[in-house]
Amino acid sequence: MDLPLAKGLFVPFAGSLALFWFYGVYHLVFLAFSYTGRPDVGARAQALAKDTPSSSKVAIIYTTYNDFNRGAALTCLNQDYPNYHVFLLDVSTNPDMRKRVDAFQEEFASATTLVRLQPRQGFKARSLNDTLKTAVGDDYGFFAVCDADNYWPS
């Protein structure tokens, strides 16, 4: 057999062998850990809910950009948790959408706060950060973000 050909074929063979060996070890470890069981996420969530006082204020930030949805915004207001406030973060450029957001905020003025950031700069993350700094502040222990097309359970 030709020595250069054998040397040339040995390198890919050794690399493939090492790859298959590591692939096999990976799957054996994966199989071993699959028998250890999964953590009970539901129990952890219930424990966290017990440790969290019901007096902790939650800021629900409803974001809209020319896509206000009254039904989705209403689901933010229909929450079982007693201590929350809805912030309507509106960066819409469409005057009709801005009027709809204004009308919704006036109808539910005690439970909502309208936040309009002008001039609109950056993307959604910047708007959220600015809202958390200026409107929400340190008064709320938690916050949740709801997009204009999300419908939340109570």
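1. **What we're looking at.** This is a predicted model, in which local features need pLDDT of at least 70, side-chain atom pairs count only at pLDDT 80 or more, and totals for chains, interfaces and linings use all residues. Residues are numbered from 1 along each chain as its sequence is written, and side-chain values use heavy atoms, with hydrogens and water left out.

2. **Overall make-up.** The protein chain has 5 helices and 4 strands, where helices (H or I, at least four residues) and strands (E, at least two) are DSSP runs numbered from the N terminus. Going along the sequence, the pattern reads α-α-β-α-β-α-β-α-β. Of the 154 residues, 24% count as buried; buried here is under 20% relative accessible area, exposed is over 50%, and partly exposed is in between (1.4 Å probe, protein chains only). Take the contacts (heavy atoms within 4.5 Å) between residues at least 6 apart in sequence: 76% of them join residues at least 24 apart.

3. **The sheet.** The 4 strands make an open, parallel sheet in the order β3-β2-β1-β4. Because β3 (112-116) and β4 (142-146) sit at the edges with a single partner strand each, one side of each has no neighbour in the sheet. From one strand to the next, the twist averages 25°. Strands count as paired if DSSP finds at least two bridges between them; β2 (residues 84-90) and β3 pair in the parallel sense over 5 bridges. If you want a spot to look at, F87 has T113 in β3 as its bridge partner.

4. **The helix over the sheet.** Helix α4 (residues 95-107) lies across β1 (58-64), β2 and β3, and runs at about 155° to β3. That angle is taken between N-to-C directions on a scale from 0 to 180 degrees, with axes as lines fitted to C-alpha atoms, for helices over the stretch in contact.

5. In one of them, D90 pairs with R116, with the closest N and O atoms 2.8 Å apart. D90 is in strand β2 and R116 in strand β3, so this pair ties together parts 26 residues apart in sequence. D90 is buried at 0% relative accessible area, whereas R116 is partly exposed at 24%. R116 also meets D102 in a salt bridge (2.9 Å, N to O). That one links helix α4, where D102 sits, to strand β3, across 14 residues. Through shared partners, D90, D102 and R116 join into one network.

6. E107 and R70 form another salt bridge, with the closest N and O atoms 3.0 Å apart. The pair links helix α4 (E107) with helix α3 (R70, residues 70-77), 37 residues apart. E107 is partly exposed at 47% relative accessibility, and R70 is partly exposed at 35%.

7. **A nonpolar patch.** W21, F22, V25, V29 and F33 form a nonpolar surface patch with about 590 Å² of accessible area together. Patch residues have over 30% relative accessible area and no salt bridge, with nonpolar side chains (Val, Leu, Ile, Met, Phe, Trp, Tyr) joined within 5 Å and like charges within 9 Å. Areas come from the Shrake-Rupley method with a 1.4 Å probe, and for residues only the protein chains shown count as cover. W21 belongs to helix α1 (residues 3-34) and counts as exposed at 61% relative accessibility.

Terms used. A salt bridge is a side-chain nitrogen of Lys or Arg within 4 Å of a carboxyl oxygen of Asp or Glu.
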